[in-house]
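We will go stop by stop.

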Amino acid sequence: MPINKEEYTKLQQIFADELERVSELVALEALEQTYFSRASGSFTALMKELGTLSPEERKVRGQELNQLKNELMSQLAAKRADLEAKTLGDIAESEAIDVTQPLLPAKEPGHIHPISQVQAILEDLFTSMGFMVLDGPELEDDYHNFEALNYRFNHPARDSQDTFYIKNHSDWLMRTHTSPVQIRGLKKYGAPLRAIVPGRCFRNESTDARHEHTFYQLEGLAVDKVISVAHMKGVLEAVAKCLYGNKTEVRMRPKFYPFVEPGVNGEVTCFLCHGDGCHVCKHTGWMEIFGAGMVHPNVLKAGGIDSKKYTGFAFGLGLTRLVMLKYGIEDVRHLQSGDMRFLEQF
């Protein structure tokens, strides 16, 4: 049963004692989850018990619990403000500059990150072919990240792109690919359109030598009245030869992606063994570097384009993976480590 007056006061005192002992923002977040987590919060459990009461008692107890919740949340907010102010003060003190200090020796110039280097190479290539370079928000909504790209609600294809959601905003998420900019670009510029979208993406991954929760992609899109698979293959062959040499070959095999129809899995001949087979290509002679296909009519429709008049192709290059292959980097975690010993090699 929901709390009575005595339990009401007791819960207030327990919460106040626990709040008093909190000295860091992380601990404050944990305390908030303990009481107000949707799944297992102790206060949330009390609210759920209201369903066992009669309508009259539910109304009274519900008002009492809401009042108590508002009081506790107010105390949490005040504590958070105090801790944030203290944290900012500590940072300001630690970063204080001594203006009387003599000039320090000049450091050597920095190095351009390998991801930025490959991104610049590809941007130069695509702009020479008439493509625009677009950008979009990393904090996306479900519609642009999934729904508009033909990922229907509860579609199994969403499972492979589990991501990070924003607390108290179930519709906001960190984008899992750069594809949402397809929709934004079509809405803004219409058709015909040729564009690439390099950028950072996020997925809820267990990190290892080949996987990282934060990585880079380069999206490509071409929409016009006469676009075919041949155009798509020609563009992707140009990318492969630009990165790995003129002898590089491309092959495409059927694969399902919700936002294209038909879809293909793109592979290039291994740049180390030239197709003979080695440990890098797992002795197949081929390395997967992109997914592509003809833009699905539902995606064109979501972008405000008449699919009966226009067709198009789209592709996604794993920019992080391209960098690893180009420079022989064995562990993806090096790319975001900030280790100068790694970065100084480029």
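pLDDT is the predictor's confidence in each residue, on a scale from 0 to 100. This is a predicted model, so begin by colouring by that score, because where pLDDT is low, the predicted coordinates should not be read in detail. Across the protein the mean pLDDT is 84, and 92% of the residues reach 70 or more. Now select strand β1, residues 132–133: confidence is highest here, at 94. Then jump to helix α3, residues 42–48, where confidence is lowest, at a mean of 74.

Next, select helix α2, residues 25–36. Its 12 residues reach 16 Å from the first C-alpha to the last, close to the 16 Å expected at 1.5 Å a residue. Show the side chains of Leu28, Leu31, Glu32, Tyr35 and Phe36, which are buried. Turn the view to look down the axis of α2: the buried residues fall within an arc of 105°, so they line one face of the helix. In general, an α-helix has 3.6 residues a turn, so residues three or four places apart point the same way.

Move on to Asn150, in the loop between α6 (142–145) and β3 (165–166). Its phi is near 75°, a positive value in a residue other than glycine. Is Asn150 buried or exposed? Asn150 is buried, with a relative accessible area of 13%.

Finish with two cis peptide bonds. One joins Ala191 and Pro192, with omega about 5°; Pro192 sits in the loop between α7 (180–189) and β5 (193–202). The other runs from Glu261 to Pro262, with omega near 0°, and Pro262 belongs to strand β8, residues 260–269.

Definitions and conventions:
Residues numbered from 1 in each chain as written. Predicted model: local features only at pLDDT ≥ 70, side-chain atom pairs only at ≥ 80, totals over all residues. Heavy atoms only, no water. Helix = DSSP H or I, 4+ residues; strand = E, 2+ residues; numbered from the N terminus. Buried < 20%, exposed > 50% of the residue type's maximum accessible area, 1.4 Å probe, protein only. Expected span 1.5 Å × (residues − 1). Arc of directions from axis to C-beta.
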